[in-house]
Amino acid sequence: MLIILSMIVSFLENISYRLNNENDLSDIIWAICNTSPKFKEVFLSFFFPDIVFSPDAEIEREVAKDDSRPDFIIHNNGELYLIENKINDHNHHFGQYDKAFCVEPEKFGYIANYVILQPENGKYYQIRTWEEFYFFLEGVEADNEQEQSLIDGFRLYLKN
């Protein structure tokens with residue numbers, strides 16, 4: 001069992017050297033969220049800590065609507081949430097994606113490898129950095145070794 005867990009961590013670390021752009025990162029997060037209930041819970045609560053997400057919450061990738069295509073659309077108990085991923089791309093979509101999908105700024109998460117300031121007074125987007133998520137994951141303890149190895153492996157992926 002330890003060999004398999006070690007292989008999961010090593011696999012995620014190794015793919016970080018080849019699959020490291022925005023879409024790759026988003027695809028890997030999507031796959032891990034759909035594999036590990038704990039990771040999905042942690043990822044969503046990182047952006048929306050006051051929201052209780054159903055285990056059945058659905059995460060979709062790059063759904064297009066009105067010239068808008070956020071990285072993640074989350075369906076949770078009839079509510080819609082968005083998350084946008086940025087790596088060295090300063091083309092931001094504040095006011096565009098939330099308007100297209102009729103989502104309040106509070107339900108729009110943004111994560112980048114650089115600091116982004118709130119774009120407007122009076123609106124509060126859930127802006128985070130990948131570094132913050134890396135350290136946030138450090139304190140996560142999964143209920144089983146398999147999920148923990150996915151989380152630990154993702155941290156290595158993210159670090160690289």
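Among the elements of the protein, the lowest mean pLDDT, 84, belongs to helix H1 (residues 2-15), and the highest, 98, to strand E2, where pLDDT is the predictor's confidence in each residue, from 0 to 100. The protein averages a pLDDT of 93, and 99% of the residues score at least 70. The model is a predicted one, in which local features need pLDDT of at least 70 and side-chain atom pairs count only at pLDDT 80 or more, whereas totals for chains, interfaces and linings use all residues. Residues are numbered from 1 along each chain as its sequence is written, and side-chain values use heavy atoms, with hydrogens and water left out.

Helices (H or I, at least four residues) and strands (E, at least two) are DSSP runs, numbered from the N terminus. Five strands form an open sheet of mixed pairing, in the order E1-E2-E3-E4-E5, two strands being paired if DSSP finds at least two bridges between them. Strand E1 (58-61) and strand E5 (126-129) are the edge strands, each pairing on one side only. From one strand to the next, the twist averages 20°; axes are lines fitted to C-alpha atoms, for helices over the stretch in contact, and angles run from 0 to 180 degrees between N-to-C directions. Within the sheet, strand E2 (residues 72-76) pairs with strand E3 (residues 79-86) in the antiparallel sense over five bridges, and phenylalanine 72 has isoleucine 83 in E3 as its bridge partner.

Helix H2 (residues 22-33) packs on the sheet and touches E1, E2 and E3, its direction making about 155° with that of E1; contact means heavy atoms within 4.5 Å. Helix H5 (residues 130-138) also packs on the sheet, touching E3, strand E4 (108-112) and E5, and its direction makes about 80° with that of E5.

Helix packing was examined next. The axes of helix H3 (residues 37-47) and helix H6 (residues 145-159) come within 8 Å and cross at roughly 50°, which makes H3 oblique to H6, since angles under 35 degrees count as roughly parallel, over 145 as roughly antiparallel, 65 to 115 as roughly perpendicular and the rest as oblique. In this contact, Pro37, Lys38 and Phe39 of H3 meet Glu147, Ile151 and Phe154 of H6. The axes of H2 and H6 come within 12 Å and cross at roughly 175°, so H2 is roughly antiparallel to H6. Here Asp24, Leu25, Ile28, Ile29 and Ile32 in H2 meet Phe154, Tyr157 and Leu158 in H6.

Rings of Phe, Tyr and Trp (its six-membered ring) pair if their centres lie within 6.5 Å, with planes under 30 degrees apart counted as stacked, over 60 as edge-to-face and the rest as tilted. By this rule there are 24 aromatic pairs. One of them, between phenylalanine 43 and phenylalanine 72, is edge-to-face, at 5.6 Å centre to centre and 70° between the planes.
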